[in-house]
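Have the model open while you read.

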Amino acid sequence: MSSQKKANFQIEAFKHRVVVDPKYAEKTWKILEHAIHEIYNHNASGLSFEELYRNAYNMVLHKFGEKLYSGLVSTMTSHLKEIAVSIEASQGALFLEELDRKWTEHNKALQMIRDILMYMDRTFIPSTHKTPVHELGLNLWRDNIVHTIKIQMRLKDTLLELVQKERAGEVINRGLMRNVVKMLMDLGSSVYQEDFEKPFLVVSADFYRGESQLFIESCDCGDYLKKAEKRLNEEIERVSHYLDAKSEVKITNVVEKEMIESQMNRLVHMENSGLVNMLMDDKYEDLGRMYNLFRRVPNGLSLIRDVMTSHIRETGKQLVTDPDRLKDPVDFVQRLLDERDKHDKIITLSFNNDKMFQNALNSSFEYFINLNTRSPEFISLFVDDKLRKGLKGVSEEDVEIVLDKVMMLFRYLQEKDIFEKYYKQHLAKRLLSNKSVSEDAERSLILKLKTECGYQFTSKLEGMFTDMKTSDDTMKGFYAAMGSELGDGPMLVVHVLTTGSWPTQSTTACNLPSEILTVCDKFKMYYLGTHSGRRLTWQTNMGSADIKATFGRGQKHELNVSTFQMCVLMLFNNGDGLSYREIEQATEILTSDLKRCLQSLACAKGKNVLRKEPMSKDIGEDDTFFFNDKFSSKFYKVKIGTVVAQKESEPEKQETRQRVEEDRKPQIEAAIVRIMKARRVLDHNNIVAEVTKQLQSRFLPNPVVIKKRIESLIEREFLERDKDDRKLYRYLA
């Protein structure tokens, strides 16, 4: 196998030395120098760019690049010095025009020179790390024109003066301004910043500082904000027309600092026109403007929020503690809802639905609603009023809106279990007296409560509806089975209520008329015959009756009365006049209930089917009552209500409060046991914190009560104290 030999190539220098004319460089440079002069003197049309390019190319090729470069610098510098003199000589407004014109010419010349010296730009300059031709041209313009003593100060002052004129409302040549500022930007960001932007920002700060002082002394808050907004928009527009886009943040910061941040406390608290006045007068536009301006500065929105919060809390506190307001619970709650709607609208329209303000509004309402311990009762009374008569003829959508508003107030309550107690009482009365305007609305609210608080909260309320439905079926069964035995006796409608579901009522004894008692006994016999293991207790204090009465001259009316009133009226079938004591003995109605009952029968104007001697507003134990023959009414059906307070009396309030406290005890104990079962060992403070956290959706447990429940659980051996640390508890399985 034959191996090939490697061939070696060698490059040798020319045998004959290339001789270059010693004056070649000088001659060539002269041609190029002449061309540069011609370009600057606007005589470039007669030049051969191809020939000039070749000359420059040859100079670099023959190692005369340095001569070419230094010649270029000195030639351009001499021309620029002449241009500087020409610019300096221009008068007044012509100064900027001359500068702009010469700058445009210089750029054109620079482009031509760059084209001629392209080869030098690409080879010689990178290898020697010199400044490229275009950049060199800019630097020379900067040093020989813009940074000369006479031009530099004059340029800065002229530009700032034009800005000031524009701020004063004069029209300036924005195109010229844009060109000159663009020139500074082209010369480098540091030139733009040092020669214009920094002094511009300083002068602007002084201007706006002075203007804000002038405005704050002479304008109200709304007008001041309009002026500040106008100035801010002007500066943003100015940047878009002739400044560097990066200047926008800097100049807007100046306006914000001087016109908003420095004055915001004074603006917010300005007498007769500050934030509180805007809130009170629903100045949506001014509030929106304040929000948009204040959000631009640090702590601006926090300041609005804090002032708004203290205003709402103060207004709300006055509302819930005003004794006159407490006389009408429905009006009390309506005012709360109006207050909430008012501020909701402000937050939506003016504050961009900002969560910060929503949270502030919620915390403010929660604060002042719970200052009044009767808020749960009043909200329930409001619902009662709406579901009895307030929502008649209202569309389904509007009903939902009202119920949603009620739920919003309900969420603010810390003692939701007290609301539940009252709501149950009011619902019971509505259902039993058949006074609810809409079962759908009732069920809708219960569903909302269930969603909010869970099944446990509403299970008994739902049970009440079930009882009403079951009772209807029971009555149908009763009349189907016993109808023939009843004959022409009184028509009986019974509601059978499950003890645990309905509000606990103290059973009030009452002697029913014999006609009624007969039917009641038959119903009892029927019911206990169809349901084994049950016990019936008559709640006569919760019943009602329709009775027919004939007055003087044969005038007939149907009276809608309570069971107690019926018992009293039926006595007058057997005698015209009865003393208070005789009525009391015959009916055995409690004194307080009987007095209220007689007061509504004998003292209510237009409803006085009985006559009392002596005549007075109050019932005395020595009074005598007579059937009022002269009673008349334009209505055939007459409803005689019982004189009863809409709100609870003080003893009733105490009793309700006591019942609530009793109901809370097992809930607190259950929470303690749940926590200890999971944690096994826990100190006192942590138990209190955990129990509060678990129960706060229903009520805020009192730490003292929690302590008592812990003691009770220790006594019953659910927990024990640690032997070494008395504040530590252990769970006993």
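Helices here are DSSP runs of H or I, at least four residues long, numbered from the N terminus. By that count, L96 lies in helix α4. Keep in mind that this is a predicted model.

- Is L96 buried or exposed? L96 is buried, with a relative accessible area of 3%, and the cut-off for buried is under 20%.
- Setting aside neighbours within four places in sequence, L96 is in contact with L155, T158, L159, L162, L176 and V180.
- Take V180 from that list: L96 and V180 sit 84 residues apart in sequence, yet their C-alpha atoms are 7.4 Å apart in space.

**Helix α1**
- Helix α1 covers residues 24-40, and its 17 residues should span 24 Å at 1.5 Å a residue; the end C-alpha atoms are 25 Å apart, which agrees.
- The buried residues of α1 are Y24, A25, T28, W29, L32, E33, A35, I36, E38, I39 and Y40.
- An α-helix has 3.6 residues a turn, so residues three or four places apart point the same way.
- T28 is one of the residues in helix α1, and T28 is buried, with a relative accessible area of 4%.
- Not counting residues up to four places away in sequence, T28 touches N55 and M59.
- After α1 comes H42, which has a positive phi, near 65 degrees.

**Helices α15 and α16**
- The axes of α15 (residues 300-321) and α16 (residues 329-349) come within 10 Å and cross at roughly 165 degrees.
- Angles over 145 degrees count as roughly antiparallel, so that crossing makes α15 roughly antiparallel to α16.
- As for handedness, α15 passes α16 in a right-handed crossing.
- On the α15 side, the contact is made by M308, H311, I312, T315, L319 and V320; α16 brings in F332, R335, L336, E339, H343 and I347.
- Sorted by class, the contact of α15 with α16 has seven nonpolar, three polar and two charged residues.

**Helix α21**
- Helix α21 (residues 439-453) has 15 residues and reaches 21 Å from first C-alpha to last, close to the 21 Å expected at 1.5 Å a residue.
- Which residues of α21 are buried? They are A441, E442, S444, L445, I446, K448 and L449.
- What covers the buried residues of α21 includes α18 (375-390), α19 (396-412), α20 (416-432) and α22.

**Helices α22 and α23**
- The crossing of α22 past α23 is right-handed.
- From α22, the residues in the contact are T474, M475, G477, F478, A481, M482, E485 and L486; they meet V519, K522, F523, M525, Y526 and Y527 in α23.
- How do the residues of the contact of α22 with α23 divide, and how many are nonpolar? There are 10 nonpolar, two polar and two charged.

Key
Residues are numbered from 1 along each chain as its sequence is written. This is a predicted model: local features need pLDDT of at least 70, side-chain atom pairs count only at pLDDT 80 or more; totals for chains, interfaces and linings use all residues. Side-chain values use heavy atoms; hydrogens and water are left out. A crossing is left-handed if the near helix is turned anticlockwise from the far one by less than a right angle, and right-handed if clockwise. Helices (H or I, at least four residues) and strands (E, at least two) are DSSP runs, numbered from the N terminus. Contact means heavy atoms within 4.5 Å. Ala, Val, Leu, Ile, Met, Phe, Trp, Tyr, Cys and Pro count as nonpolar, Asp, Glu, Lys and Arg as charged, and the others, Gly among them, as polar. The expected span of a helix is 1.5 Å times one less than its number of residues. Buried means under 20% relative accessible area, exposed over 50%, partly exposed in between (1.4 Å probe, protein chains only). Axes are lines fitted to C-alpha atoms, for helices over the stretch in contact, and angles run from 0 to 180 degrees between N-to-C directions. Angles under 35 degrees count as roughly parallel, over 145 as roughly antiparallel, 65 to 115 as roughly perpendicular and the rest as oblique.
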